[in-house]
Amino acid sequence: MKKSCIISHYCQIRDHAVIGDDETLYERCGADLSDFFTGIYQHFDISYPKFYKMDNLCKLGFLSVELLLMDRNIQQRYAGHEVGIILMNASSSLDNDRHHQQTILDRSAYFPSPAVFVYTLPNIVIGEICIRHKFTGEGTFFVRERFDPLFLFNYVNQLFYQDVVQCCIAGWVETLGDYYDSTVYLIEKTGKPDAGITIFEPDTIKHIFAKEK
Amino acid sequence: MLAEMTGIRLKEDNSIAPAPFYASVVDTALLAEKFAVIDDPVQYTRFEQLAICSLHDALSRSDVDPADPGTLFILSTTKGSIDLLEKEKENKFGQDRIHLWNAARLIQRFFTFRNEPLVISNACISGVQAILTGARLISAGLSDNVVINGTDIVSEFVLAGFNSFQSLSNGPCRPFDKSRDGLSLGEGSGTVVLSKTPFNSNRAGNIVVGEGFSSNDANHISGPSRTGEGLFIAINRLLKKSPVEVDYISAHGTGTPYNDEMESIAITRAGLQSVPVNSFKGYWGHTLGAAGIIETVMCLYSMHTGVLFGTKGYNEPGITHPINITGHSMKKDIKNCLKIASGFGGCNVALLLHKI
């Protein structure tokens, strides 16, 4: 019998709030997306100046994983190549694609910039998280119409069973215009499941995703 | 390719660039003519036409039934129909057509794939990562057949971006060469069909997708690691799990100074410096999300025919670690082929193909 994996923690950023493991960690109503993200960064005293250069998708993914991993000592517990990152969303990098498109719309004011263009790929958010936490493991970005707990479970589960990862950060990171929504899960191997532990399975993934604050 | 010709040409097309540029572009009239046999080209974007053409061809020569519950379709692309973004709100295909999931859904309906398709968008490693993902889903028993298409188009969006990075070559790209000065963009589409069981009717059945790993440099989002760290980790994990003798390496070899240098370092660190290496980018440029698929198709061709292609554009070594670059085509029996790729976001992938 194969051992189960557990969802050891999760973090959710949606509807003006940050939720970590069922607790509201931060809330700020009325702020626009940019102020809200900056508010989270400042509230949790994160010190990582590169944050300000990121596009909104990377900011959302970065903050979600930052709060997911806060005080978890992941870097001490796993080698870099043992940690995988599997993220998905619906709009890919369209939010920042529009930004890049603005720089090339008018030939008389043509100013495409590498600092914008580099964020026209959705997997850059995985790169930003890897740089921050020194993770060198598996990374894949999937684009799906909707969050699909069963697919996430199947894909991440086989990464564990084929020994590709020992620990996995997986979830949904979507932003487009003023809209943002993220749920990221920290998934680890465990022995016998104890009471109170969240088993990593489609229903628990779905249950957490469907939570409202 | 045997005649060492290239499809990369100097193009003048004011609709996608203010100045002439080098790229390998699919002839629009020829594409429309080919597509007209399948359906009305007017109803499909350039991206969709390319993808459907390639899939139509591959599926017509395969036993795989898209409607089978065990069949999965994976689309590998970086930008899909990004040319629609210029007139995002008033383009004739509608505002939602630009979404990658929607492109995959359209293709799904076109070929009547039963399952919801997957889209992998992982920069320049998308194609190889998609094959690796398909193979893993099959070995985990989650799919019986996986149809993988990789497509990207040459667009103003991408040209302007790479131009702003100053990573475009002043002529056709010259992978690993001393005088290399950047990449050439290309467009195209490729399809591979993976199956749990070999096809009797198809000679491709004697190639097995072996181990593969992806790895992140954790170093920089737009520049490769100076030490080839991520690519080395991916190759090293692969060889530890599957310690075979590699006969041939199909490199990413974009022709940018940093990428090719990084690959030479990673290949040397992995102890593979004497293995013949080539790059296909000099023939049809860098096709981004399609590259890993099209190049893997060429690897399969080489494994079947024993023809190892030369590296178009390469004359003189221009890397600090002397790996074994294949300049001109030659005969070689290839049992184990290593396909590698690297991309923005610090991502790298290594995949093994075996002939049985």
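What follows takes up the core, the domains, the aromatic rings, and then some individual residues and a helix.

The model is predicted. Its largest nonpolar core has 189 residues, and those with the most contacts inside the core are A:Ile40, B:Leu272 and B:Leu338. Helix H2 of chain A, residues 56–69, supplies the largest share of this core, nine residues. From chain B, at least three residues come from each of domain 1 (9–177 + 184–195) and domain 2 (205–355). B:Leu272 gives a view of the packing: leaving aside residues up to four places away in sequence, B:Leu272 touches B:Ile235, B:Leu239, B:Val246, B:Ile249, B:Ile267 and B:Leu338.

The two domains of chain B can be considered next. The domain assignment divides chain B into domain 1 (9–177 + 184–195) and domain 2 (205–355). Taken over C-alpha atoms, the centres of these domains are 22 Å apart. Their contact takes 40 residues from domain 1 and 48 residues from domain 2.

Now to the aromatic rings. Over all chains, the count is 32 aromatic pairs. In chain A, A:Tyr26 and A:Phe36 form a stacked pair, with 6.2 Å from centre to centre and 25 degrees between the planes. A:Tyr26 belongs to strand E3 (residues 23–27) and A:Phe36 to helix H1 (residues 33–43), and the two are 10 residues apart.

A pair in chain B has another geometry. The ring centres of B:Tyr44 and B:Phe110 are 5.9 Å apart and the planes are at 85 degrees, so this pair is edge-to-face. B:Tyr44 lies in the loop between helix H1 (28–36) and helix H2 (46–60) of chain B, whereas B:Phe110 lies in helix H3 (residues 100–111), so the pair ties together parts that are 66 residues apart in sequence. B:Tyr44 is buried, with a relative accessible area of 11%, while B:Phe110 is partly exposed at 25%. Both rings belong to one aromatic cluster, formed by B:Phe35, B:Tyr44, B:Phe73, B:Phe110, B:Phe111 and B:Phe113.

B:Gln49 is placed in helix H2 of chain B and counts as buried, at 9% relative accessibility. What does B:Gln49 touch, not counting residues up to four places away in sequence? The contacts are B:Leu31, B:Ala32, B:Phe35, B:Pro41 and B:Tyr44. Two of these, B:Phe35 and B:Tyr44, are also members of the aromatic cluster. The side chain of B:Gln49 also reaches the backbone oxygen of B:Pro41, at 3.0 Å.

In chain A, the charged end of A:Lys59 sits over the ring of A:Phe51, 5.3 Å from the ring centre. In chain B, B:Arg269 lies over the face of B:Phe232, at 4.2 Å from the ring centre.

Two other lysines can be set side by side. B:Lys312 is found in the loop between strand E11 (307–308) and strand E12 (324–325) of chain B, and is partly exposed, with a relative accessible area of 26%. Not counting residues up to four places away in sequence, B:Lys312 touches B:Glu4, B:Met5, B:Thr6, B:Cys173, B:Pro175, B:Ser279, B:Gly282 and B:Tyr283. One of these contacts is polar: the backbone oxygen of B:Glu4 lies 2.7 Å from a polar atom of the B:Lys312 side chain. A:Lys53 is found in the loop between H1 and H2 of chain A. With a relative accessible area of 65%, A:Lys53 is exposed. The C-alpha atoms of A:Lys53 and A:Phe36 are 16 Å apart, and the two residues are separated by 17 residues in sequence.

Definitions and conventions:
Residues are numbered from 1 along each chain as its sequence is written. Chains are lettered from A and ligands numbered from 1 in the order in which they are written. This is a predicted model: local features need pLDDT of at least 70, side-chain atom pairs count only at pLDDT 80 or more; totals for chains, interfaces and linings use all residues. Side-chain values use heavy atoms; hydrogens and water are left out. A nonpolar core is a set of buried Ala, Val, Leu, Ile, Met, Phe, Trp, Tyr and Cys residues joined through side-chain atoms within 4.5 Å. Buried means under 20% relative accessible area, exposed over 50%, partly exposed in between (1.4 Å probe, protein chains only). Helices (H or I, at least four residues) and strands (E, at least two) are DSSP runs, numbered from the N terminus. Domain bounds come from an automatic or database domain assignment. Contact means heavy atoms within 4.5 Å. Rings of Phe, Tyr and Trp (its six-membered ring) pair if their centres lie within 6.5 Å; planes under 30 degrees apart count as stacked, over 60 as edge-to-face and the rest as tilted. A charge sits over a ring if NZ of Lys or CZ of Arg is within 6 Å of the ring centre and within 35 degrees of the ring normal. A polar contact is a pair of N or O atoms within 3.5 Å; within protein, one must be able to donate a hydrogen and the other to accept it, and residues adjacent in sequence count only if both atoms are side-chain atoms.
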